[in-house]
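The following exercises concern one protein chain. Each task is followed by a solution that goes step by step.

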Amino acid sequence: YDQTWAMIGEDTLFFKSGQTWYQVLWTAPSKGNAYYILAHQFIAAKLNIWRGASPEEVNQALAWAEEFFKTYKPTDKITTAVRNLALSYAYTLDQYNNGYIGPGHCSE
């Protein structure tokens, strides 16, 4: 049991994906699916924030990702430009989630 996951709720749908947050996190990004690559980093960043980490360096990435998820489903065709932005923001969130930007990596 994890209190942070409890804040989301076991059955809470992840935007328009038709899956729960947990299911999205455990769906492999087949063939480099930018939706799932971004979703994995978005979910990890949200969990880090809800545990108290300061996200000042990633606010723009989180805001863009949230609008992306409100607009697209995992199976939607996206333009190359949108895909590149999704992967760029996923990289920013990965850097945050791994402690390279932001408050640093936790000792837990």
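**Exercise 1.** Determine whether Lys31 is buried or exposed, and describe its setting.

Solution. Step 1: the classes rest on relative accessible area, with buried meaning under 20%, exposed over 50% and partly exposed in between (1.4 Å probe, protein chains only). Step 2: Lys31 has a relative accessible area of 84% and is therefore exposed. Step 3: Lys31 lies in the loop between α2 and α3 (34–50). Helices (H or I, at least four residues) and strands (E, at least two) are DSSP runs, numbered from the N terminus. Step 4: although Lys31 is not a glycine, its phi is positive, at about 55°.

The model is predicted: local features need pLDDT of at least 70, side-chain atom pairs count only at pLDDT 80 or more, and totals for chains, interfaces and linings use all residues. Residues are numbered from 1 along each chain as its sequence is written, and side-chain values use heavy atoms, with hydrogens and water left out.

**Exercise 2.** State where Phe15 is found and what its phi and accessibility are.

Solution. Step 1: the loop between α1 (3–8) and α2 (21–25) holds Phe15. Step 2: Phe15 is not a glycine, yet its phi is positive, at about 45°. Step 3: a relative accessible area of 26% makes Phe15 partly exposed.

**Exercise 3.** How many helices and strands does the protein chain have, and how does its radius of gyration relate to the globule rule?

Solution. Step 1: the count is five helices and zero strands. Step 2: from the N terminus on, the order of elements is α-α-α-α-α. Step 3: the radius of gyration of the protein chain is 13 Å, close to the 13 Å that the globule rule gives for 108 residues, so the chain is as compact as a globular protein of that length. The radius is taken over C-alpha atoms, and the rule is 2.2 Å times the number of residues to the power 0.38. Step 4: along its principal axes, the C-alpha trace spans about 40 × 30 × 20 Å. Step 5: buried residues account for 34% of the 108 residues.

**Exercise 4.** Describe helix α5, its buried residues and what they pack against.

Solution. Step 1: helix α5 (residues 80–97) has 18 residues and reaches 25 Å from its first C-alpha to its last, close to the 26 Å expected at 1.5 Å a residue. The expected span is 1.5 Å times one less than the number of residues. Step 2: the buried residues of α5 are Val82, Ala86, Tyr89, Ala90, Leu93, Gln95, Tyr96 and Asn97. Step 3: these buried residues pack against α3 and α4, where contact means heavy atoms within 4.5 Å. Step 4: just after α5, Gly99 has a positive phi of about 85°.

**Exercise 5.** What distances separate the C-alpha atoms of Asn59 and Leu93, and of Ala63 and Tyr89?

Solution. Step 1: Asn59 belongs to helix α4 (residues 59–71), and Ala63 is also placed in α4. Step 2: Asn59 and Leu93 are 34 residues apart along the chain, and their C-alpha atoms are separated by 9.6 Å. Step 3: for Ala63 and Tyr89, 26 residues apart along the chain, the C-alpha separation is 10.0 Å. Step 4: Asn59 counts as partly exposed at 35% relative accessibility, and Ala63 is partly exposed with a relative accessible area of 46%.
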